[in-house]
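Subject: Structure handover

Hello,

Here is the structure for you to look through. My notes on pockets and salt bridges follow below it.

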Amino acid sequence: MRFRRLCAAVLLAAFIPVPTPASAAQTTCEDVYTPVQFGLIRQTMYGRLCVPQGAKTVQVLVPGGTYTGGYWDIPVDGETRSVTRAMNGAGVATMVVDRIGSGKSTKPLSILVDVPNQAEAVHQVIQNLRPRFTKVLVGGHSIGSAIAMAEAGRYRDVDGVLITGMTHQWDYVRAVPALTNLIPAPLDAKLSLRGLDVGYLTTVPGSRYTMFHAPGPNVPAVVDLDEATKDVVSAGEFVTTALMSNLVLPVSALIDVPVLTIQTSADYFCGTPPLGADCSSSDALVRSEKPFYPKAPRVDGFVVNGYGHVFNFDTATALRYHDTVTAWQRGI
């Protein structure tokens, strides 16, 4: 009798579903086309929204110049390089957007594409998400970080700001020569098919490793993917990024929520102040950047070593980088 009861218990246990850990919660993704308007101009900003079951926090992530929202979900080596999958696995929703003029977003005349207008578009995306989530964070990379700062500083509708690949002090000695790797998009064999005007720029074919990845490992599959998926950036985005981040009163001075700045020590934005922020350590980065966020209640930092500007492609520090972002947003 006891033996039969034991067998029955074993069989019953075999058919009882094991509870799913929160980190493995089912995530639903959808394409979202948000109608946006700046001035009299109506546009559409594309985004990919991924929501884990029960998520109450969403990160709105803006890519840098010549990248689309795919920068946040790089399909190489499984999930290692994917910020969105790391956040979704931690129960945080993500909305990665294509900047106006790039990817699946609409493409107006380049003269209309600058940081203030991009920030206005992201603001309208955030407004559409607000009723669904109790906490909204905005983040960016490079020019996307300038857009995130402008959105948070001007509209004050987010609970935290993630800044990557952008500081307030630039090493112009290295940054300016790098711009020689940019050409008008109509001159690029692939992107010329889009019919864009010459105010849209992209990188010279074959230049992305040197410009964005070095001194990281030159992995053919990674660099080939980066070359194959390259996009555009407007000249106006470059100019307004410089004006709003370090040449006049930084827009970050208006941000009144917690900030997390993540940089790589090999980048054009790191060095010996005033030619780059001090990225010798996470604490040094915070000391270097904190004066530019006078209203922020908290500024935290994390430094990546051994990789170039687009460190979402890095695997050496990916887990610590993702864990830092996860812990930071939970503490807000």
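A definition to start: a residue is buried under 20% relative accessible area, exposed over 50%, and partly exposed in between. R298 has 30% relative accessibility, so R298 counts as partly exposed. Please keep in mind that this is a predicted model.

R298 has a partner. The side chains of R298 and D300 meet in a salt bridge, at 2.6 Å from N to O. D300 has a relative accessible area of 25%, so D300 is partly exposed too.

**Other salt bridges**

The structure holds eleven salt bridges. Side chains of opposite charge can pair when their charged atoms come close.

Take D159 and R130. Their closest N and O atoms are 2.9 Å apart. This pair links distant parts of the chain, 29 residues apart. D159 sits in the loop between helix 4 (143-155) and strand 6 (160-164). R130 sits in the loop between helix 3 (115-129) and strand 5 (135-141). D159 is partly exposed because its relative accessibility is 23%. R130 is partly exposed because its value is 24%.

Next come K230 and D188. Their side chains form a salt bridge at 2.8 Å, N to O. Again, distant parts of the chain are linked, here 42 residues apart. K230 lies in the loop between helix 7 and strand 9 (233-234). D188 lies in the loop between strand 7 (182-184) and strand 8 (200-203). Are K230 and D188 buried or exposed? Both K230 and D188 are buried.

**The largest pocket**

The largest pocket holds about 500 Å³ of space. Its lining has 26 residues, and T68, G69, G70, Y71 and D73 lie nearest the centre. Strand 2 (41-52), helix 2 (83-89), strand 4 (93-97) and helix 7 (220-228) each supply at least two lining residues. By class, the lining has ten nonpolar, eight polar and eight charged residues.

**The second largest pocket**

The volume here is about 410 Å³. The second largest pocket is lined by 25 residues, and S142, I143, L179, F238 and F269 are the closest to its centre. Helix 5 (172-178), helix 6 (208-213) and helix 8 (235-247) each give two or more residues to this lining. Which element gives the largest share of the lining of the second largest pocket? Helix 5 does, with four residues. What about class? The lining of the second largest pocket divides into 18 nonpolar, seven polar and no charged residues.

Best wishes

Key: Residues are numbered from 1 along each chain as its sequence is written. This is a predicted model: local features need pLDDT of at least 70, side-chain atom pairs count only at pLDDT 80 or more; totals for chains, interfaces and linings use all residues. Side-chain values use heavy atoms; hydrogens and water are left out. On a 1 Å grid over the protein atoms alone, a cavity is a set of points where a 1.4 Å probe fits but cannot get out, and a pocket is an open set with protein on both sides within 12 Å along at least five of seven lines; lining residues have an atom within 4 Å of a point. Grid points are joined across faces, edges and corners, and a volume is the space filled by probe spheres set on the points. Ala, Val, Leu, Ile, Met, Phe, Trp, Tyr, Cys and Pro count as nonpolar, Asp, Glu, Lys and Arg as charged, and the others, Gly among them, as polar. A salt bridge is a side-chain nitrogen of Lys or Arg within 4 Å of a carboxyl oxygen of Asp or Glu. Buried means under 20% relative accessible area, exposed over 50%, partly exposed in between (1.4 Å probe, protein chains only).
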